[in-house]
Amino acid sequence: MADAQLPAELFHVAVNPSAEVTIVFLHGLFCSHLEFSLVVPRLADYHLLLADLPSHSRSRASQSGAFTLANCAARVASLIRQHAHGGRAHVVGLSAGGFVGMRLATQHPELVLSLFVSGATPFQGYQRWLATHPLALYPLLAATTTWVPDPTYHWATSRIMGLLPHEELHAETQANFSFALLKLGYAQIAGFTLEDSVPALAASGIRTLVLAGEAVDDARTARSMGRLLRENGSPDGQAVLVEGAQHLWDLQFPSLFAESVRAWAEGRELPAALKKLS
């Protein structure tokens, strides 16, 4: 769907509107803009746009369409054109939001100042198999999203994973979770490949940082992404490992997450906890 035909914009929250430079934050599958609530106060000198992606939370009511990478990218492009200062923004995407950010940069590079994507590596091996077999994937994700009692969930994410409290986000994640969204979302992400999609992103010329949390993310594929970015037209592309980080490390180390976003946006040296992979 072309941008001019979009019937409704994404729900979004704007923070620090008087700041000069805009950063757009894109959340993961089943989550919402609340995913970045602990990071926002640490970026008070930036204009921040936090969106609910299509089929998620408040954007479901806006009839923003299905969760396809093409539709998400078109919606975010419209958001940037209408609300980002100067019609351009730094883009931060976590998990599925990272894939949306990469699709956005590939299709609309004129809107993107820089790209910061974490936990968004093309699926390999068993990940790809699960993504293309939703009946097998569904119970694995439901067990940790909707089936587990809330007290057990909060105990596990806090005591085992080290995440900070996020009760409101968890409630929205439970409300967003469905087999239909899982099936479509993972199929879309599975279509983003190392061999084709990453070189296409590199050709956009957007300065891109690929991050992998040390605990669970795919550092090997992140390293390959960094190499492919530089080999295919993005000489400043980098891949880094975040020491001790979970997949959702914005909820674990919000100060480090904000510091890393700031350093990449400003072209400064990255924090010491980010170890270069390629």
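I take two strands to pair if DSSP finds at least two bridges between them. The model I consulted is predicted.

**Entry: the sheet**

I looked up the pairing of β1 with strand β3 (residues 47-51) and found the antiparallel sense, over four bridges. Within this pair, A14 stands opposite L49 in β3.

I then traced the sheet to which they belong. Eight strands form an open sheet with mixed pairing, in the order β1-β3-β2-β4-β5-β6-β7-β8. I noted β1 (12-15) and β8 (274-276) as the edge strands, each pairing on one side only. From one strand to the next, the twist averages 20°.

**Entry: helices on the sheet**

I next asked which strands helix α2 (residues 69-83) touches. Helix α2 packs on the sheet against β1, β2 (22-26), β3 and β4 (89-94). I recorded an angle of about 150° between its direction and that of β3.

Helix α11 (residues 254-266) also packs on the sheet. I listed its contacts as β2, β4, β5 (112-118), β6 (208-213), β7 (238-242) and β8. The direction of α11 makes about 145° with that of β5.

**Entry: cysteines**

I searched the whole structure for disulfides and found zero.

C31 counts as buried because its relative accessibility is 8%, and the cut-off for buried is under 20%. C72 is buried too, with a relative accessible area of 0%.

Conventions
Residues numbered from 1 in each chain as written. Predicted model: local features only at pLDDT ≥ 70, side-chain atom pairs only at ≥ 80, totals over all residues. Heavy atoms only, no water. Disulfide = S-S within 2.5 Å. Buried < 20%, exposed > 50% of the residue type's maximum accessible area, 1.4 Å probe, protein only. Helix = DSSP H or I, 4+ residues; strand = E, 2+ residues; numbered from the N terminus. Axes fitted to C-alpha atoms, helices over the stretch in contact; angles between N-to-C directions. Contact = heavy atoms within 4.5 Å.
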